[in-house]
Amino acid sequence: MIRRPRAPRWALLLAGSAMALSLPPLAHAQAPSRQAAPADEAMLDEEGYEVDELVVTAAREIAPRGSVVGVAEPEIVLDQREIRALGVGSVTELLAALEPQLASGRGRAGGRPIILLNGQRISSFREVRDLPPEAIVRMEILPEEVALRYGYRADQRVVNFVLRRRFRAITVETGVTLPTAGGQESYDATVDGLLIGDDARQQVNLKAGLQTPLLESQRNVVRIPDETAFRTLVSRQENLSLNAIYARPLGEGVSATLNGSLEWTDSTGRLGQDPGALDALRRLTDSNVAHLGGTVNGAVSGWRWTLTGNADWSETQTTTEVAYDPVLGWRAPNTARSTVTSADVQGLVNGTLFDLPAGAVNAAFTVAGGTQRVESQSFRLGTRLDTDLDRQTVTAQANFDAPLASRRRGGIEGLGDLSVNFNANVEHYSDFGSLYTLGGGVTWSPIQPVRLIASFTDEDGAPTIQQLGNPEIITPNVRVFDFTTGQTVEVAQATGGNPDLAADNRQVLKLGLTIKPFDETDLTFRADYTRTRTRDEIASFPAITPEIEAAFPDRIVRDALTNQLVRIDTRPVNFDRHDEQQLRWGFNYSRPIRNTRTPAFAQPRPQGAAAAEGAPPAEGPPRGEGGGRAAGGFSGGAGGFGPGGGRRGGFGGGNLQFAVFHTWRIEDEVLIRPGVPVLDLLGGSALTQGGGTPKHQVDVQAGVSRNGLGARLNARWQQGTEVDGGAGDRSLRFSDLTTVDLRLFADLGLQPMARSNPWMRGARVSLNIDNVFDQVRTVRDEAGLVPLTYQPDLIDPLGRTVRVSFRKLFLPRRAVPPPGQGQGRQNEGRGQPARPAT
């Protein structure tokens, strides 16, 4: 029995919880005095959240607080009401809920959108991932081209979060997730403390999770011989993470942010029965991650500058038990250990070079450097293999945006708004030499409701150092479907890095259309056509089809007598060419719903700064900073909100949202090597055990919230595929798949019963049902039989899952002054005579 040393993590758990619980009052005492507004100046919403002062402007020439640099109209803008109607608990959950709106056909698989905070760069996603949605005033979704202005590649959409000026809360959340078929549970708990005071921000977040194992014997899995009690479908896993952020102004327009995090994960899985010891063979994995990042922002002579830096360390230890040796009387496990250390620093400046008749020509210049080292050791069958790789990179990038025509300022007449951009990037890798990227685009709005974007990018990309140097790990008894023989077999599977990988080259053409036809209706139509050609594509090793075996004979080992597959090497490879075309189109609709119930904790609003500035009544949509668009156009975005979180119906108001997006994959072809047939992934070929590429996919979202009660539905349909296995009955048919997820939630503080239960203030109960109809993709051969590899409980062992969670925000209570008192003080502060209290 192999035992792993346990770190004293419960001590860390208690320490992190104490830090999170004590952060707001401690930080509030340390914050500059200008961050804490007097109680009589504070505007409180229905539940007692502090609402910032709303500033109303008549002109739209001044961008809302926290907007991105340059002229960039968001495709979609979510205000506080729309964000809260999603019923999520963090930025991570918020991005997951909006996946269809954030999808991009230009990026490499699995890319997260680029995140900005108050229109500025951040050092890493860790800076914002734990922010509660109550702290967000506005969320903007922008096209990929905006990323160039911040030193990124234009291969993912950009999301900009604008925070409240002031916010203070402690959040506690706990939940349990259960599959309706039983046999497995997952538990999680989160404690978070957050303080925002103008430009200062402090946050501590602690998460803990436990996932119990699920055995094959607990599902309807057939295995010959029967060893289902010795194999896990879901491994046991424990995880713990601590994340802390400290941000504050340094003076002279300079602000800084420091972020540190620690993460631990332990998992244990069963790989099958050990014939010699009548016990299960296990795989034990320990992972430890540490991160330190920082950001400094400032401005000089009209140019904004940002300096970011990161230092990361991760270590993963894997122990794989092998069969008991009766001669030695013990198990000689295979072990692997990988340590990755990296650091990077990046400097960005952006601003105006000069003015043209149509507007300012803006530029962004980026210089960056980084280092990364991978050290790995593996011990297999008495043989030790050591790997030590390192890489240094130097990057320089420039981006230019120039307006050629403008309806407001001039330039070429009769064209509406027209601008062009050009960008160039060079990256020097110590192990690959120099790689280059060139790109350009045109943005044209002939009339205000319509915007078209055309762009082209030619970029080189290097494999990651992990793809090159990860240690080799052999996993026994892995089930795969052999398309050559039409059988399900168990093989020894090799994974790890491939030091012979070459860099790839991607050429991407994008044509985009966005239409916002109505001024007072938050309705957006969007269509994106993308064509991509990748040469020397870096990819995981594909499924074992006759074409693949002919192209990579050295990666596949068969028994010389039976021709049965016994070993496959699945380390990454280079494909000669990959061509893709897709059209993605759809719409997003949202409208506010007025509450019909008096909130349990409704408080009289002070007649102070908001009234003096002419803020709109509680039920009127603000037309000020960030609130609404010019007639039918893109100014300000759809449904935008001002920095103070204007109150269309109040912060507790409801919302109705509906969205549909259709993805049509027109082409998906791969040429593995010259001289072998082209693989048509839409017409019978496959690169993975999961089948070919679905030609059509439809995503549907619907949500409604009112009076603190909400429901949200997410549905996805994918067309089925077919894989041609060659001669005989070796072809497989993969069925269509429709999944529906449902989320129900109730803000208890807005319910009538909260009047007699003050603890309900800031509390929310949620019920999530994923895969409501318990659907799973079915796979059958030409005889109508299900291969053993594709048994439904192997494809989706959990099926329908139900999660119940309880979330509580502990908010500071502010005393509300008697009517008239706050107004008198405000007027005194403005040099006006005080009005007597009534």
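Trainee: How many aromatic pairs does the structure hold?

Mentor: This predicted model holds 6 aromatic pairs.

Trainee: Why is the pair of Phe-365 and Phe-400 called edge-to-face?

Mentor: The planes of Phe-365 and Phe-400 stand at 80 degrees, and the centres are 5.7 Å apart. Rings pair if their centres lie within 6.5 Å, and planes over 60 degrees apart count as edge-to-face. The values meet both cut-offs, so the pair is edge-to-face.

Trainee: What makes this pair a tie between parts of the chain?

Mentor: Phe-365 belongs to strand β17 (residues 359-380) and Phe-400 to strand β18 (residues 383-406), so the pair joins parts 35 residues apart in sequence.

Trainee: Why is the pair of Phe-587 and Phe-658 called tilted?

Mentor: The angle between the planes of Phe-587 and Phe-658 is 50 degrees, with the centres 5.8 Å apart. Stacked needs under 30 degrees and edge-to-face over 60, so this pair is tilted. Phe-587 is in strand β29 (residues 573-593) and Phe-658 in strand β30 (residues 654-671), so parts 71 residues apart in sequence are tied together.

Trainee: Which residues form one aromatic cluster?

Mentor: Phe-481, Phe-734 and Tyr-790 do.

Trainee: How do you know that Gln-346 counts as buried?

Mentor: Its relative accessibility is 15%. The cut-off for buried is under 20%, so Gln-346 counts as buried. Gln-346 sits in strand β16 (residues 334-356), and the residues it touches beyond four places in sequence include Arg-121, Tyr-150 and Thr-306.

Trainee: What lines the second largest pocket?

Mentor: The lining has 29 residues, and Asn-118, Gln-120, Asp-198, Asp-199 and Ser-255 lie nearest the centre. The pocket holds about 680 Å³ of space. By class, its lining has 9 nonpolar, 11 polar and 9 charged residues. Strand β13 gives the most, with 4 residues.

Trainee: What is the average pLDDT of the protein?

Mentor: The average is 82, and 80% of the residues score at least 70. Over residues 24-44, however, pLDDT stays under 50. Residues 603-651 are also below 50, although the model gives this stretch 161 contacts beyond near neighbours in sequence. Where pLDDT is low, predicted coordinates should not be read in detail.

Conventions
Residues are numbered from 1 along each chain as its sequence is written. This is a predicted model: local features need pLDDT of at least 70, side-chain atom pairs count only at pLDDT 80 or more; totals for chains, interfaces and linings use all residues. Side-chain values use heavy atoms; hydrogens and water are left out. On a 1 Å grid over the protein atoms alone, a cavity is a set of points where a 1.4 Å probe fits but cannot get out, and a pocket is an open set with protein on both sides within 12 Å along at least five of seven lines; lining residues have an atom within 4 Å of a point. Grid points are joined across faces, edges and corners, and a volume is the space filled by probe spheres set on the points. Helices (H or I, at least four residues) and strands (E, at least two) are DSSP runs, numbered from the N terminus. Ala, Val, Leu, Ile, Met, Phe, Trp, Tyr, Cys and Pro count as nonpolar, Asp, Glu, Lys and Arg as charged, and the others, Gly among them, as polar. Buried means under 20% relative accessible area, exposed over 50%, partly exposed in between (1.4 Å probe, protein chains only). Contact means heavy atoms within 4.5 Å. pLDDT is the predictor's confidence in each residue, from 0 to 100.
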